[in-house]
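Please find below a colleague's note on the fold, intended to be read alongside the coordinates.

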Amino acid sequence: MAKLSIVQQRMVDLMKQGWELRRTEGIAPQAFLTLGAISRTIRITTFFALVDKGLLERKRESFPFIIYGLKEN
């Protein structure tokens with residue numbers, strides 16, 4: 001597995017704890033980690049870095065979000 005930055009590793013750890021990764025599409029895409037009513041905005045560049053490293057996969061769509069999860073090993 002590719003080396004992760006501190007921020008990327010923190011994102012992966014939160015997702016393993018049950019946080020959900022959501023992304024919007026469009027001219028200004030955004031990404032969020034959510035857990036119930038708690039939401040944390042993440043940089044879209046961090047999201048794409050994890051996609052490029054092959055760690056994320058699209059799970060489902062729930063307009064206006066696309067929900068991602070960690071790829072199963």
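The points below take up the sheet, the helices, the core and some individual residues.

1. Basis of the note. This is a predicted model, in which local features need pLDDT of at least 70 and side-chain atom pairs count only at pLDDT 80 or more, while totals for chains, interfaces and linings use all residues. Residues are numbered from 1 along each chain as its sequence is written, and side-chain values use heavy atoms, with hydrogens and water left out.

2. Five strands form an open sheet in the order 3-2-1-5-4, with antiparallel pairing. Strands here are DSSP runs of E with at least two residues, helices are runs of H or I with at least four, and both are numbered from the N terminus; two strands pair if DSSP finds at least two bridges between them. Strand 3 and strand 4 stand at the edges with a single partner strand each, so one side of each is left without a neighbour in the sheet. From one strand to the next, the twist averages 30°.

3. Strand 4 and strand 5. These two strands pair in the antiparallel sense over six bridges. Glu-61 has Ile-66 in strand 5 as its bridge partner. The loop between strand 4 and strand 5 contains Pro-64, and the peptide bond from Phe-63 to Pro-64 is cis, with omega near 5°. Most peptide bonds are trans.

4. Helices against the sheet. Helix 1 lies across strands 1, 2, 3, 4 and 5 and runs at about 90° to strand 5. Helix 2 also lies across strands 1, 2, 3, 4 and 5, running at about 110° to strand 1. For these angles, axes are lines fitted to C-alpha atoms, for helices over the stretch in contact, and values run from 0 to 180 degrees between N-to-C directions.

5. Just after helix 1, Gly-18 takes a positive phi of about 110°.

6. The core. A nonpolar core is a set of buried Ala, Val, Leu, Ile, Met, Phe, Trp, Tyr and Cys residues joined through side-chain atoms within 4.5 Å. The largest has 16 residues, of which Leu-21, Leu-33, Ile-42, Phe-47, Leu-50 and Leu-56 touch the most other members. Helix 1, strand 2, helix 2 and strand 5 each supply at least two residues, and helix 1 gives the most, with four. Beyond four places in sequence, Phe-47 touches (heavy atoms within 4.5 Å) Leu-21, Arg-23, Ala-31, Ile-42, Leu-56 and Tyr-68.

7. Leu-4. Located in the segment before helix 1, Leu-4 is buried, with a relative accessible area of 14%. Not counting residues up to four places away in sequence, Leu-4 touches Gln-9, Val-12, Leu-50, Lys-53 and Leu-55.

8. Thr-34. This residue of strand 2 is buried at 13% relative accessible area. The side chain of Thr-34 makes a polar contact with the side chain of Arg-22 at 3.5 Å. Such a contact is a pair of N or O atoms within 3.5 Å; within protein, one must be able to donate a hydrogen and the other to accept it, and residues adjacent in sequence count only if both atoms are side-chain atoms.

Conventions. Buried < 20%, exposed > 50% of the residue type's maximum accessible area, 1.4 Å probe, protein only.
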